[in-house]
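I opened my notebook for a friendly look through this one. Here is what I looked up, entry by entry.

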Amino acid sequence: MLNQMLYNGQYVSGLGSEIDVVNPATLDTITTFKSATPKQLDDAVKASFDSFNLWKNISDVELKFILARIGQDIKAARDEIAELITLEQGKPLELAKLEVDMGIYWLEVTNSFEIPIKENKDSLGKKIKVYHHPIGVVASITPWNWPFMIAIWHIIPALKAKNCVINKPSEYTPLSTIRLIDIINKYIPKGVCNIVLGDGEIGSNLSNHPLIEKVIFTGSTPTGQKILASSVEQFRQVTLELGGNDVAIVLEDVDIDKIAPKIFASAFFNSGQTCACIKRLYVHDQVYEGLVKKLVEIADSQIIGNGFDKMTTLGPVQNIKQYQKLKILIEKAIKNGAHIENTRKLILPDTGYFLPPLILTNVLESSEIFTTEQFGPVLPIVKFSSIEDVINNSNHSSYALGGSIWTEDINKAEKIANQMQSGTVWINSHSDVSPYAEFGGWKMSGIGSTFGLDGLLQFTKRQSIHLSE
Ligand code: NDP
């Protein structure tokens, strides 16, 4: 099993402290890696900076071919990568395979885009060409919830735009990302795509390094704020995909049997550890009772366990910090009057960070479980009768990543969508991201966007050239 850093084309053992990678389902140590020292990090960034001059001039044809070969190798290693994901992250193996498949799909779509040279003429007839150039060395800091897929979301567009990259994965889930960088390095020059490992200060040392020209980070809002603050001095570009506390609004005309499984899946897949999954559910009072009952039925039929067990539908929470945070939030919500609707006590394994999927009602909209990014297998539900009030209340949040409306009346839904403060709104689905559609948050959910051609262009520097005779 690969557990070292890879930079400047070489596997390198860290010279810093030892860090265990723990299986969240069994609490067994999978492997132990050594953190980078600041000097090693500096070496990695400098080597990558030196490689940029070569890589930025790669031809479009060769680049397309290389990325396609990388995609083929990931496909060939699909099952092995999925096993690494389940081992380190905990999710059911089938979901881990889907994570790899989604990564491949994103890679292929990103590789199909052409970075354009746009030509405009102003009203006096002057021609203006808009070019997009590579930026330099990009720092990518990836989280533990979808470690492989999010690494692809960061790294592939950065390479496609002819940048070099240094990835720093979460110390909880580095293994599937190391394998990804291993595959990529078979096809690209040394120093172009690198991975450094560590915890403590490696992430901030990387994002603050003077040779880093752009940072892309997926994770918590407070860390995003630190990255933004430290980018000011150098006017470093940032793309921050931060916290979400997505709202879903269910109108009175829905078919409960049709929508309940979809709502459940969005709220609970990956045990609720997804930035754009339903975290606040508003249901019209005419369908409230029926929908709550159906969601409870689905929740009570889940099998909680080790992701390698074929019967498991929901795995553990990924790490102890997240597990403890959730337990406190749930306890507080119950103290404040929230009611657990589940009727069955699900059997949980004796070890591991397991929590049952909870359907909560009687939740105060001002309670922490409703206002913060709880990021776990909990769905707080609030009844409503006035859509105007719901739009107003749901917009009253510091997060604005995703939202959804559930109704048979698509025109009405679109009108409501336009009033929602949210980077993405889905109608009759949720968490349904697409590599063709720009994705990013408003307010404290982030800055910048990813996906689609516009997301790819965020890995470039725009230059306008004015041509006068
Ligand atoms: P963070 O979101 O803070 O991420 C930790 C990662 O960021 C580590 O790799 C760390 O590396 C790095 N880091 C910390 N400071 C900096 C910095 N200044 N510059 C660059 N990198 C830095 O923490 P957690 O993973 O613990 O998650 C906390 C909460 O975040 C969760 O409870 C959840 O609510 C949310 N979250 C959201 C995700 C999303 O998809 N939006 C994904 C995961 C979590 P190092 O230790 O080396 O500094």
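**Asparagine 395**

I began with asparagine 395 and found it in helix α13, which covers residues 387-395. The model is a predicted one, so I kept that in mind as I read on. Is asparagine 395 buried or exposed? Its relative accessible area is 14%, and because buried means under 20%, I noted asparagine 395 as buried. Setting aside neighbours within four places in sequence, I listed its contacts as Val390, Gln419, Met420, Gln421 and Lys443.

**Glutamate 241**

Next I checked the UniProt record, an unreviewed entry, which lists Glu241 under "active site". I located glutamate 241 in strand β11, residues 237-241. Glutamate 241 is buried too, with a relative accessible area of 7%. Beyond four places in sequence, I found glutamate 241 in contact with residues including Phe217, Cys275, Leu401 and Ser445.

**The two domains**

I then turned to the domain assignment, which gives domain 1 as 5-242 + 445-467 and domain 2 as 247-427. Their contact takes 23 residues from domain 1 and 27 residues from domain 2. Over C-alpha atoms, I noted 31 Å between the two domain centres. Together the domains bury about 2100 Å², with 60% of that on carbon and sulfur atoms. On the domain 1 side, Ala25, Trp144 and Ser445 supply 25% of the area buried against domain 2, more than any other three residues.

How many salt bridges are there between domain 1 and domain 2? I counted zero, while eight residue pairs are in polar contact. Helices α3 (78-89) and α4 (93-112) each supply at least two residues of the side of domain 1 that touches domain 2. The largest share of that side, five residues, comes from α3.

Notes. Residues numbered from 1 in each chain as written. Predicted model: local features only at pLDDT ≥ 70, side-chain atom pairs only at ≥ 80, totals over all residues. Heavy atoms only, no water. Helix = DSSP H or I, 4+ residues; strand = E, 2+ residues; numbered from the N terminus. Buried < 20%, exposed > 50% of the residue type's maximum accessible area, 1.4 Å probe, protein only. Contact = heavy atoms within 4.5 Å. UniProt positions renumbered as here; feature names shortened; annotations may be inferred. Domains from an automatic or database assignment. Buried area = accessible area lost by both parts, 1.4 Å probe. Salt bridge = Lys/Arg side-chain N within 4 Å of Asp/Glu carboxyl O. Polar contact = N/O pair within 3.5 Å; in protein donor to acceptor, adjacent residues only side chain to side chain.
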